[in-house]
Every structure is written in C-alpha cells, then in structure tokens.
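Subject: Structure handover and notes

Hello,

Here is the structure I said I would pass on.

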2 protein chains.
Amino acid sequence: MVVGVVGGGQLARMMIQEAIPLGIEIRLLVTSPDDPAALVGPRFAVGSAQSADDLRRFAESVDVVTFDHEVVHLSALDALERDGHLLRPGAGTFGTVADKVRMRAALGDAGIPTPPAQVVTSAEEVAALVANGGGHVLKLAHGGYDGRGTFFVDTPDQSSRLLGEVRPGTVVLVEPRLDLLAELAVIVVRSPDGSHVVYDPVSTIQIDGQCRRVDAPATQSDDVVDLARGLARRAAEAVDAVGVLAVEMFLTAEGLVVNELAARPHNTGHHTLDAAVTSQFANHLRAVTGLPLGSPDLHSRAVTANLIGVDGSRDPAALLGDGLAVDPAAHIHLYGKAVRHDRKLGHVTVCDDDHDRAVDRAARVVEALGGQEVPR
Amino acid sequence: MVVGVVGGGQLARMMIQEAIPLGIEIRLLVTSPDDPAALVGPRFAVGSAQSADDLRRFAESVDVVTFDHEVVHLSALDALERDGHLLRPGAGTFGTVADKVRMRAALGDAGIPTPPAQVVTSAEEVAALVANGGGHVLKLAHGGYDGRGTFFVDTPDQSSRLLGEVRPGTVVLVEPRLDLLAELAVIVVRSPDGSHVVYDPVSTIQIDGQCRRVDAPATQSDDVVDLARGLARRAAEAVDAVGVLAVEMFLTAEGLVVNELAARPHNTGHHTLDAAVTSQFANHLRAVTGLPLGSPDLHSRAVTANLIGVDGSRDPAALLGDGLAVDPAAHIHLYGKAVRHDRKLGHVTVCDDDHDRAVDRAARVVEALGGQEVPR
C-alpha cells in the first residue's frame, strides 16, 4: 500500500522515518526537491497542493492520500473522494478542520466548549467589535498555522492597520483575549473503524501563538488532564477523524476550551518519537493504512523544545556537533530547512523524570544549535 | 558530510532511518535498486563491493566510506585509503576484522582470550585434526556470516565431504567444539579520537550459528557481564575500531572467550533502536562523521527476536496487520526482503521488565509474521 502525503515538510519527513521499520512505502507531493521530506524520501512528485490537477495526478499514483499541511485545494479533495480515491482523513473531516468557522461549529454541535468568538467578514464589523474596548484576537478562518494568521489587537488603530492588509471577503474570527492559566494539547489517533488511542495530554508553552516547548505528560492537575483527554476523544468523534487529530486547548479560570484542531501529525506530539512506545507518526501511518494502532504509552517523562530560527544565525546542521556535545542523552531532530527568522528548524527532546532539569537540558541544546531562547 | 555505505542490506536501511533526525546524508553502493536500503534511500549507486573500480567511483562521490557487510574487495580499500579517501572503520581495521586469522591474532596480541584454534589450508590437515576424535567446528577465514561459512563436524567422513566443496587454498580455522554455557555480545562504538561508549552486554540465543534472540541486558552474573564489557572495550582498542565494533563471546566453564568481531552495526544491537537512548545506528553515524557519541543507556529491558524466513511462507509485509494486532506495544522492523528459508527478514523488539513475558511476547509476534519459531 503506497501512502501519498500531500506536502513535504518536517511532518512528512518524520512520517518517512517511521515508515521504514513498517515497510510502508511513502510518496510525496512537494513544492521542491529541497523540501525537508523530499531530501530523505526516495519517491516524490513536484506540484502544488493548491492545484486540482496536481492533486488528481498525485492521488492516481498512490493508494491512500494523507496530509502534511492544510494549505490544500479543499474542493478538489471532495471531487477526488467522489471519484473513489481514498483520503484519510476524509475530505469532509479535512475541510471542516481546515476552516475555523466550520471546525468551531462542529465542536459546538458536539457540546465541546470553545472560546467565545464572532465571525465577521468586513473591516467595519471588526472595528465595531474592537471599539468596545478590551484586548482581542483576530484569527483568519483559513490558512493560518504556527502563529501566522493570528493577530493580537488592543486598539481600533491596530485593527484597521491589520485589516488594510487582509483581502476583502476574508472570514475572520474575533475573540476576546482570554486570561490563560495554561495551554494543553492532546494527540488522538483514530482508525477508519472508529477504534482509537489517546496520548497523554501535554502542556504547551507558546509565544505569539507559536509553540516553543511541550511538557509531557501535562503538568496540570489530574482533573484537568482527564478532562482534556475526554474532550480530545469527543472532538475526534465529532469530526470523524482518521489518523492523528491534534486538539489544542486553553485552560482558563472557567475551565478548558478547545481552541484549535489539526488533522495531521502535530508539533505537540513530537516527543512521542523518543518518549512513547509508538510515535504519533507511526500511529498516523497505521491508521491511514488500516493497520492496528500501537500503544501510546510514554516510557519516559519528556520535554520537547522547538528549534526556532534567528535571523542571521548559522545553519543548525553546522552546529550539530556543538548541540550533541552539550547533552549525550538529548534527541536532536533537524528538518533540513534553511534558516529563517521564526521558522521551525528542528526540535530537541529530553527524557528526564526531573521536569525542571529536562527543561534546562533541552533549552541548552536548542541554544547550542543557534535557536531562539526556550522559555524556562 | 555525505556518508557512503558499502552495501544496501538491513543495516544500511536502519542507518538511513537513524540518519534522518540528524540530517546526515547517506549514499549507498548497492547490488540492486531492490536492496532493502535502496528501497528507502534516495541516493544510491548500483555496483559491486568486490569491484575495485566500483569502490573507487563510489568513494569519490562521498565524504566518508563505511560498511553494511564484509564481502568487500579488501586490497582495494587499502589503495583508496592510500589515495586519501576517508574510510571509517579504516582499511586496516576492516581488513583485520574480516579475516578470522588476522582478527584472532590481533586479539591474542592484546591478551584477549579466544577459542583454541588451528589454522589449516589443506583438506589433509583438517582430516588429520578431525581424526583425533571429538567434535570440531570448521570456520572459513573469509566471507562467513550469519552461520554461513561455519560447519560442525563430528566424523572424518563429514569433514572430507565438506572439504570437497571448499576451494583449494581456502584458509580454515579448526576448533574443538566447546561446551558453551551461554553466548554474549557487546556493542562498542568508538570515535576517531578514541573516545567510546559501550552498550550493556546482551545474551544471544543462537541456532546453528544464527542469532535468533537477544536478551538485553545480558542475564548472566554481574561478574561475567563486567568481564564482557571490559573485553569488548579492549578488543575495540586492539583493532583500532571506528564506529560500531560488535564483539561476540562464548561463556564456557573456563570463562569468557571472544569468538567473533564485526566492524559495523550488528544484529545483536538491534534492540538499541527501541530500548536505548541512542541506537547503535545513530552512534555509528556519529562516530564515522566525527560527531560526539550519544548515551548508550537502556531506558527499558528488552528482548529482540529475529524474523527468520520459512520456505513457502507468506511475505511478512502481507502479515503485518496480524503481527501488529498480536501486541500493540511490540516494535516490528521489516527489512523489505523477499522470503527465503533461513533468511533474516526482520526483527521484533519488546520492552518489558518481565523477561519471560518479553520473550513470549516477541516470539508470538514473530510467529504471527510467519517467521521460524523463536527459542523460549
């Protein structure tokens, strides 16, 4: 069975790594032979995930289609599925999750709490909401990731400047700025038959909407963690997920709300490569090929720190020896990407039962690799 | 730095898997695009490891040459090194280890005990030794692996039949059959600067000279295990190893003797992929590229069982779902090889502190994948 992965980023790259022991063949749709996954994958097609023609040609060359990112021609997916191509997750699930308005509606229908939000489509509506005072968060309904497409707005001025840059007709969610006690994330993996595994919830430490650190398992109370696990399982059912569904949550004084979903392996699950019995990537491949799922148990507590680019810093590949020398037990993962400011270039996982020490160890390795400072 | 691996078997395949997170580029010299590693590696040359020309062309296309097997034109390696190509391990080390006579001599010079052996080059000499009575083991000095090139002989008749098949001039080691209490193996990884790490010694369970099961760490007494560790470290120094040196030992009533060396990643270290902080493959790549070595510590006790082909059985890839269903926490590794009797097609590792249960779990998965029965 040939698994076709739309996209050639680090998620596809780590899928390739985890496909090798299972003998699963991967074929990629990439924008360039220099994409992180194309550098390590023997089979790829060059094309655009936003071209219906390229997607069709690609789907015809594989047995099942899955995804590395969401910047995909969504209605082309519907057409492929109608024509009998196998998409996992399905076009309906993928389209729902890729659209924040539909995603929030699906969660709401399932009784899953989400942040209070208003859907607006004009600069005037946004200005009116923001004029009421208080901080707001503006989120583009489509195409945002990794903090992009999310804007923090405290004054009407900021809002109008921002909206001047947004294309007319763009759908925007406007939310009040919540007072967050913490952020959590949960990786669920669901099979076509509805069977599923849930990884231990993790705490995530974000800066400007970009994940900088993952603490696994989550450091919140058992009550919160159990609630997170239950919400994630219900979210996966609500959107009929197949493969990984990553469920990101806010903890506020009022409780947990589900903020974001991703229907693909996710940055908040990278620790599973080194600290879990089965990684999120292996389980994603097992789910989309209809194979039985593997145990999500952690064999170690772990901290993962992202390696985020700094303008003008050296290629982390050139600093690899320095990074490895800092800590002989750290797990360094490089994505083969050129350095750009705020770009995710890799991650570092440290397994250590002493949480504070794990944070410090991971941070020191990231910093030796030239990455931005890790929140401690 | 491009690492050139001579050979495209499962060892090269697992090196590719472990090279991905480190961003190390691998190029292979393979006999066919269907070789296990070529199936998952984006860059390979097709050629013969026994052709001096093919080896030279290959060495010219990479930064450092390392090995997946020993069936290599050895004097061509000496010439490459003289011409300034970087070989790790070096041609001297590789040539010594690939020749049982030189290997035993090097160990003897370092005061490391080896099985009593006589080196013979004619059928008459062998017949004379065997005629003295008692069981003997005949080992070809070159080219043996995985039980091949090793013959158990109890009568002069068996010996002459066997030697009729051996080319004149072949060098043969003749050893008395030892009464083995156990077999152990130790993976040492050594850097060009002589720094090294030693993995916990393991117990190996062999049938007809072929490894069937590895118990990690070894189940023998602490005294024996400490002695094994020390012998392995000394052996790596004695042959000036760079990269993995696998050291196989016999435990007899008289103590430990070093029976065999391999200057490459080895079947007795496959558990390190799933049970150690750093796998033998990652550490081999780190050593041959001059990067600092990683921690060899085990995070779990583990049992690895080899998946050995049975004539006429189904492709384990077609039985993967059955194998995964048996045990959601087992680690299945398939090598992408066609089924042949007695051929290593994959391995299964189970991490479990209860040793007997681990053996049983690994054996059940191997058997579900169509492999030969695992010794319990």
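Predicted model: local features only at pLDDT ≥ 70, side-chain atom pairs only at ≥ 80, totals over all residues.

Overall shape of chain A

Chain A consists of 376 residues, and 54% of them count as buried. Its radius of gyration is 20 Å, which agrees with the value near 21 Å that a compact globule with 376 residues would have. Along the principal axes, the C-alpha atoms occupy a box of roughly 55 × 55 × 45 Å. Among contacts in chain A with a separation of 6 or more, 63% are between residues 24 or more positions apart.

The secondary structure of chain A comprises twelve helices and 17 strands. According to the domain assignment, chain A has domain 1 (2-87), domain 2 (118-176) and domain 3 (182-368). Taken over C-alpha atoms, the centres of domain 2 and domain 3 of chain A are separated by 28 Å.

The parallel sheet

One open sheet of chain A has four strands in the order S3-S2-S1-S4, with parallel pairing. Strand S3 (44-46) and strand S4 (64-67) of chain A are at the edges; each has a single partner strand, so one side of each has no neighbour in the sheet. Direction ignored, neighbouring strands of this sheet are turned by 25° against each other on average.

Strand S1 (residues 2-6) of chain A runs parallel to S4(A), and four bridges join the two. Within this pair, Val3(A) is opposite Val64(A) of S4(A). Helix H1 (residues 10-22) of chain A lies across S1 and strand S2 (25-30) of chain A, at about 165° to S2(A).

The antiparallel sheet

A further open sheet of chain A is made of four strands in the order S5-S8-S6-S7, and here the pairing is antiparallel. Its edges are strand S5 (118-120) and strand S7 (150-153) of chain A, each with a single partner strand, so one side of each is left without a neighbour in the sheet. From one strand to the next the twist averages 25°.

Four bridges pair strand S6 (residues 136-140) of chain A with S7(A) in the antiparallel sense, and Lys139(A) is opposite Thr150(A) in S7(A). Helix H6 (residues 123-131) of chain A packs on this sheet and touches S5, S6, S7 and strand S8 (172-176) of chain A. The direction of helix H6 of chain A makes about 145° with that of S5(A).

Tyr199(A)

Leaving aside residues up to four places away in sequence, Tyr199(A) touches Val186(A), Ile187(A), Gly269(A), Thr272(A), Ala276(A), Gln280(A) and Pro296(A). Tyr199(A) is 174 residues from Glu373(A) in sequence, and their C-alpha atoms are 27 Å apart.

The nonpolar core

The largest nonpolar core holds 225 residues. Those that touch the most other members are Ala235(A), Val247(A), Ala362(A), Ala235(B), Val247(B) and Ala362(B). Not counting residues up to four places away in sequence, Ala235(A) touches Leu107(A), Ile112(A), Leu245(A), Val247(A), Val258(A) and Leu261(A). In soluble globular proteins, nonpolar side chains tend to be buried together.

Chain B and the interface

Between the chains, 31 residues of chain B are in contact with 31 residues of chain A. On the chain B side, helix H1 (10-22), helix H11 (320-326) and strand S16 (331-334) of chain B each give two or more residues. H1(B) supplies the largest share of that side, six residues.

Within chain B, nine of the nine residues of helix H10 (residues 280-288) are buried, so the helix is largely enclosed by the rest of the structure. Among these buried residues are Gln280(B), Asn283(B), His284(B) and Arg286(B). Just after H10(B), Gly290(B) has a positive phi of about 75°.

Strand S4 (residues 64-67) of chain B is covered on both faces. Val64(B) and Thr66(B) are buried on one side, and Val65(B) and Phe67(B) on the other. S4(B) pairs with strand S1 (residues 2-6) of chain B in the parallel sense over four bridges, with Gly4(B) opposite Val65(B).

Regards

Technical notes:
Residues numbered from 1 in each chain as written. Chains lettered and ligands numbered in written order. Core = buried A, V, L, I, M, F, W, Y, C linked by C-beta atoms within 7 Å. Buried ≥ 20, exposed ≤ 12 C-beta atoms within 10 Å, placed from the backbone. Contact = placed C-beta atoms within 7 Å. Rg over C-alpha atoms; globule rule 2.2 N^0.38 Å. Pairing = 2+ DSSP bridges. Axes fitted to C-alpha atoms, helices over the stretch in contact; angles between N-to-C directions. Domains from an automatic or database assignment.
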